[in-house]
Amino acid sequence: TPTREFITGLPKAELHLHLEGTLEPDLKLRLADRNGIDIGQSTVEDVRATYAFDSLASFLAVYYPAMEVLQTADDFYELADAYLARAAADGVKHVEMFFDPQAHTSRGVPFETVVTGYHRAAAEAPERHGVDAHLILCFLRDMSAESAAETLEASVPFRDRILGVGLDSDERGNPPEKFATVFARARDLGYRLTMHCDIDQAGSIDNIRTVLEQVVVDRVDHGTNVVEDPALVEVLLERGLGLTCCPISNSFVSDDMKATEIVGLLRSGVRVTVNSDDPAYFGGYVADNYLALAEAAGLTCEEVVRLARNSFAASWLGVAQRDAYL
Ligand code: HPA
Ligand code: ZN
């Protein structure tokens, strides 16, 4: 069985990671202090006590208010740089990181401030941490399509600093087709496309069908419910499309980590990857997620190597760079 040392030693890519989900309690306290914001918590234990939930909705209800401590470009830089240092320690060589601009612009922080701070951390990451880092702009699906469209247009001057776009937040009542026009425009702008199809959502399988057949994407975030429809699993296999699974996150928003489903897909040849989602909240970085899945499902070392190789194969690295890892 694979040990933590074996897992950490494998070069890997992380493809499902929300930068705002890497806000550790100690950094939250430091930023609150620096920005003169009273968050009503004064110790790491106080903050950690608020980082508790049992569903996607209850997680999001903690996640968005915590972001008020992020105000300046330096704040966003420090958040991303701390994550990149932590990822490097887990053997991550390449990362495609989500960020939620509307969670900041909606409270008065300019788009440019957010991108400037995050991008500086990404640009310095090869030298500082030995990690190749890129940004994926996520639209909040519980906001309007008009707001997403405005956010997309705001990104155009920063087009060369953003690799792709995604869709996150509360999926209930906010299906992919709500954003079909925005995603078509994003594709025209040259962005790569991905969307969350969360695991605890009734009707998730319909949203997976939509992102495979209608609003076609380059990858699917979570997407584990695809096991409910073998015909859609076939589509994933034919296209070699990646799924970015997050075992420890799953165990918070549903009854378990979905190890059986994830490993079943892996063993049937789907390009399954393992990722940490919101590690400061769910208490596990990427190596913890590999280890948890390996222990729950009895993965062999060869299967863990396959997961790590899948992470590069499903990445948006150029073919030449990707092949150097495969
Ligand atoms: N799903 C939806 N929204 C999110 C997530 C997620 O996994 N993480 C952060 N925002
Ligand atoms: Zn996510």
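Let me begin with helix 15, where 9 of the 12 residues are buried, so this helix is largely enclosed by the rest of the structure. Please keep in mind throughout that what we have here is a predicted model. The buried residues of helix 15 are Val-286, Ala-287, Asp-288, Asn-289, Tyr-290, Leu-291, Ala-292, Leu-293 and Ala-294. The helix itself covers residues 286-297, and from its first C-alpha to its last it reaches 17 Å, which is close to the 16 Å expected at 1.5 Å a residue. After helix 15 comes Gly-298, and the phi of this glycine is positive, near 65 degrees.

Now I would like to turn to the strands, and to strand 3 in particular, which runs over residues 132-140 and is mostly covered, with 7 of its 9 residues buried. Which strands pair with strand 3? Strand 2, residues 92-99, pairs with it in the parallel sense over 6 bridges, and strand 4, residues 164-168, also pairs with it in the parallel sense, over 5 bridges. If you look for Leu-137 in strand 3, you will find that it is the bridge partner of Phe-99, and that Leu-137 also stands opposite Val-165 in strand 4.

Next comes the zinc ion, which is ligand 2. Which protein atoms are its donors? They are NE2 of His-16, NE2 of His-18, NE2 of His-196 and OD of Asp-277, and they lie 2.1 to 2.3 Å from the ion. Along the chain, these donors follow the spacing H-x1-H-x177-H-x80-D.

Finally, let me show you a lysine, Lys-258, which lies in the loop between helix 12 and helix 13. Is Lys-258 buried or exposed? Its relative accessible area is 16%, and because the cut-off for buried is under 20%, Lys-258 counts as buried. If we leave aside its neighbours within four places in sequence, Lys-258 is in contact with Ile-199, Thr-224 and Asn-250.

Methods: Residues are numbered from 1 along each chain as its sequence is written. Chains are lettered from A and ligands numbered from 1 in the order in which they are written. This is a predicted model: local features need pLDDT of at least 70, side-chain atom pairs count only at pLDDT 80 or more; totals for chains, interfaces and linings use all residues. Side-chain values use heavy atoms; hydrogens and water are left out. Buried means under 20% relative accessible area, exposed over 50%, partly exposed in between (1.4 Å probe, protein chains only). Helices (H or I, at least four residues) and strands (E, at least two) are DSSP runs, numbered from the N terminus. Two strands pair if DSSP finds at least two bridges between them. The expected span of a helix is 1.5 Å times one less than its number of residues. Donors are N, O and S atoms within 2.8 Å of the metal (3.2 Å for Na, K and Ca); water is not among the atoms, so sites may look incomplete. Contact means heavy atoms within 4.5 Å.
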